[in-house]
Amino acid sequence: RRIGGNVMLNMVSINLDSITTQEAFIINKAPIDGKEMKLTLSRKCTPTNDSPNKYIGYCAAEMRFADELDVDMPNTSFLVKVVLSAEFSSPDCSVKFSTDELTEYALLQMFPHVRATLASIMASAGLTPYLIPTNGIIQ
């Protein structure tokens, strides 16, 4: 699936070339009943070995009951997990980006897809989706 998008980073355009779902699942053993949820995000983006202007990014999100953060996955009552990977490219291979710049860019571009996948999984399980706001996640 091809997704188009770009932003200016260090005055150079970096394009989101593709995005793929690596993992997406739900554990739904207990009613949500308005319980407090905790969203945990992790992300990284690094240059590929294939080409100096190609990058690979990963963004993972886990949403679970706030009081079950330390519970092992098989014993948890509720968990939604999504892991996405994306390929990025820059038309100018002479510019080098820091890992922090690449990682923040990856989150900025991938987070809407993470949000949509989380909501879709919950809706598919017959649950009212939690719509994760962008405010506070991406500044």
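Let's start with K35, which is partly exposed because its relative accessibility is 31%; here buried means under 20% relative accessible area, exposed means over 50%, and partly exposed lies in between (1.4 Å probe, protein chains only). The model is a predicted one, so local features need pLDDT of at least 70 and side-chain atom pairs count only at pLDDT 80 or more, while totals for chains, interfaces and linings use all residues. Residues are numbered from 1 along each chain as its sequence is written, and side-chain values use heavy atoms, with hydrogens and water left out.

K35 and D67 form a salt bridge, with 3.4 Å between their closest N and O atoms. The two come from distant parts of the chain, 32 residues apart: K35 sits in the loop between β2 and β3 (37–47), and D67 in the loop between β4 (54–65) and β5. D67 counts as exposed because its relative accessibility is 57%. For a salt bridge, a side-chain nitrogen of Lys or Arg must lie within 4 Å of a carboxyl oxygen of Asp or Glu. By that rule, there are five salt bridges.

Which residue does K81 meet in a salt bridge at 3.8 Å? That partner is E23. This pair also joins distant parts of the chain, since K81 is in strand β5 (residues 78–89) and E23 is in strand β2 (residues 12–28), 58 residues apart. The strands are DSSP runs numbered from the N terminus (E, at least two residues; helices are H or I, at least four). K81 counts as buried because its relative accessibility is 16%, while E23, at 34%, counts as partly exposed.

K81 also forms a salt bridge with E62, at 3.9 Å from N to O. Shared partners tie E23, E62, R64 and K81 into one network of salt bridges. E62 is partly exposed, because its relative accessible area is 24%.

## D17, a buried charge

D17 belongs to strand β2. This residue is buried but has no salt bridge, and its nearest side chain of opposite charge is K54, 4.3 Å away. Lys and Arg count as positive and Asp and Glu as negative, with His and the chain ends not counted.

## How the strands pair

β3 and β4 run antiparallel to each other and pair over eleven bridges, and they make a hairpin with six residues between them. Two strands count as paired if DSSP finds at least two bridges between them. K38 has R64 in β4 as its bridge partner.

β4 and β5 are also an antiparallel pair, again with eleven bridges. In this pairing, A60 faces V83 in β5.

## How confident is the model?

The mean pLDDT of the protein is 84, and 85% of its residues reach 70 or more; pLDDT is the predictor's confidence in each residue, from 0 to 100. Strand β5 has the highest confidence, with a mean of 95, and strand β1 (residues 6–9) the lowest, with a mean of 44.

Over residues 1–12 pLDDT stays under 50, and the model gives this stretch 36 contacts beyond four places in sequence, where contact means heavy atoms within 4.5 Å.
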